Structure formats: C-alpha cells, structure tokens
Amino acid sequence: MSRTVYVNGEFLPEEKATVSIFDRGFLMADGVYEVTSVLGGKLIDFEGHAARLARSLAELDMAQPISHEDLLAVHRELVARNAIDNGLVYLQVTRGNPGDRDFVFPDPDETPGTVVLFTQSKPDLRDNPVAAAGIKVISIPDQRWARRDIKTVQLLYPSMGKMAAKAAGAGDAWFVEDGKVTEGTSNNAYIVKNGRIVTRELSNDILHGITRAAVLRYAAEAQMEVEERAFTIAEAQAADEAFVTSATTFVTPVIEIDGVKLGAGTPGPVATRLREIYIDESLKSAL
Ligand code: PLP
C-alpha cells in the first residue's frame, strides 16, 4: 500500500514525491535528520527531537524551513494518514536545490531548504524480540567526522559498521576512538557495574541522544547511580551488563561484546527495568 509522504509543503503519495538531482542532500550529504518514534499512534519525545533539529540546523548555518507548530502538525498528520500505530516518523532537511552543483552554500533567500517527512510502520517496536533477547556488539574504529553532535545524513561509515557487525553475526558495532568507546552506529552506549550506570559524557564526539537524556533523567529519578565518562572495551567486557539507547530501540540490552559474554549472557536487570521505565514514562508525555 502506498504511503502518504510530505515534501516541501505537500502531502503526496510516495510514488509522486520527488526531490531534484541538484538537491544538496543528494550531492553533498548537506542535510540533517531526526527520527521520532510512534507508540500507540503518539509521538515519543517530539519536543527533544524538534529542539535538536533546530540546533543541528543552527550549527550548519541552515535556516529553519518549517515552524515548530507546522512540524508537529505534519508529524501528526502523517501518523494519522498512514494509520501508524507503532513505528516512526523520519524527517530530513537539506540545504535545498540551488539548480547546480557548487561547494559554496547557496543564498538561503534564493534557495529554500528541502523538507521531507515519511513514516515507517513497525508493529514490533514496543514488544521487540531483539530487545527481549539482547544484542551482540563488535568494536570498530571510529572513523566518522569530528562533529558527531550534529545529526547529519552522512551515514556511510555507520552503515559500514552495521555491515561489519552483520558479517560477524552481531547486531551492532560500537565505535572506539583513542581506546575509548564513543557510541554505537546509531545509538548511545552504556555499561553497568555494581548497579552504577556509566555512559560517555556529552561532547562533539557523540550524538546527544534524545533517548539518552530521558533515560538518564528517569534513572536519576529512580535513585540509580549514573556516571558520565568514557570507558574502554575491556571495562565493558568486565561489566555486569550493557545496553544501548535510541529513539527506535528505546533501551536495548547488550549481551556480548567482541565475543565476550556479559554476566550470564542474557539481558540484565538494570537495562530491562530502564526499558520499562522509559516506555511507561515517555508515553505519559507523548503527543
Ligand atoms: N548516536 C548515534 C550515532 C545515532 O545515530 C543515534 C540515533 O540515530 C543516537 C546516538 C541516539 O539518538 P536518539 O536517542 O536521539 O535517537
């Protein structure tokens, strides 16, 4: 069945939706994106994603091409038109189509940004068998650019990381830089030792996960100890448990790192509890 998608102010059937070959998103990966999950037809952490979009655009000197109010309205309209119960809304903003290829940014008054949104239905998002089983991860060098705090569409290296993980029979890869884990290919990384949650501190080295912010807030409210600092793969392999967070995986346990099982090799109690808390709490403020 054809989806209804949104392109530059219009709701269209997906087969009618097009973007120019001169779009800078296509030619230069000059664009940013957000992914907002949908549970029970409601948007999870929408305000966080909207705020991070504004920050990513500002960091790249791109104009905000759609108001906050309209952005929420378009998200909701797409969820309704596509009857999404569980799934996600993908949003991409690029520096638009200047009608030619040039490294120099076009004048924003003459070249408006391109705005594209579409939905993906994921019935298993909440009761995900992958989360119930936990995932294995491998480590690989972090060879991404140095501004990972900006959520750009330059996802080739993370895709290569996912492929390396798949080839190794794992579910994901954790990036390592200067001997320390930065994050997963599409998620933030955590370990748990003696009840204390450890995750890398915020900087330009990692994406400032919206799920990370919420999970750390809920962990603090539940009197769990949290330490924001970098950790090594060896420390992670000696941890009691580990997990990752992202908008579409929520909290997903990690059960093995580079072939070494963590604890009993099954999802740990802290990750399992945090997943429940995150889903319950974020549903309360879902839009
Ligand atoms: N880190 C990276 C590299 C990501 O790509 C993502 C999500 O795509 C995250 C972390 C998690 O961010 P969020 O919780 O906002 O989805």
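This is a predicted model: local features need pLDDT of at least 70, side-chain atom pairs count only at pLDDT 80 or more; totals for chains, interfaces and linings use all residues.
Which element gives the largest share of the lining of the largest pocket?

View 1. Oxygen atoms of the ligand are placed 2.8 Å from a polar backbone atom of Ile210 and 2.6 Å from an N or O atom in the side chain of Thr211. A backbone N or O atom of Ala247 likewise lies 2.8 Å from an oxygen atom of the ligand. Of the 390 Å² that the ligand exposes when taken alone, the protein buries 92%.

**View 2. The shell of residues around the ligand.** The ligand is surrounded by 18 residues, the closest being Arg52, Lys151, Glu183, Ile210 and Thr211. By class, this shell holds 10 polar, 4 nonpolar and 4 charged residues.

**View 3. The ligand takes up the space of the largest pocket.** Two or more residues of the shell around the ligand come from each of helix H2 (46-59), strand S9 (180-184), helix H6 (210-221) and strand S13 (241-246).

**View 4. The lining of the largest pocket.** This pocket, with a volume of about 980 Å³, is lined by 44 residues, of which Tyr33, Lys151, Thr185, Ser186 and Asn187 lie nearest its centre. Elements that give two or more residues to the lining include strand S3 (31-39), strand S5 (87-94), helix H4 (129-133) and helix H5 (156-167). The largest share, 5 residues, is given by H5, and the lining as a whole divides into 19 polar, 17 nonpolar and 8 charged residues.

Methods. Residues are numbered from 1 along each chain as its sequence is written. Side-chain values use heavy atoms; hydrogens and water are left out. A residue is near a molecule or strand if one of its heavy atoms lies within 4 Å of it. A polar contact is a pair of N or O atoms within 3.5 Å; within protein, one must be able to donate a hydrogen and the other to accept it, and residues adjacent in sequence count only if both atoms are side-chain atoms. Accessible areas come from the Shrake-Rupley method with a 1.4 Å probe; for residues, only the protein chains shown count as cover. On a 1 Å grid over the protein atoms alone, a cavity is a set of points where a 1.4 Å probe fits but cannot get out, and a pocket is an open set with protein on both sides within 12 Å along at least five of seven lines; lining residues have an atom within 4 Å of a point. A molecule sits in a cavity or pocket if more than half of its atoms lie within 2 Å of its grid points. Helices (H or I, at least four residues) and strands (E, at least two) are DSSP runs, numbered from the N terminus. Ala, Val, Leu, Ile, Met, Phe, Trp, Tyr, Cys and Pro count as nonpolar, Asp, Glu, Lys and Arg as charged, and the others, Gly among them, as polar. Grid points are joined across faces, edges and corners, and a volume is the space filled by probe spheres set on the points.
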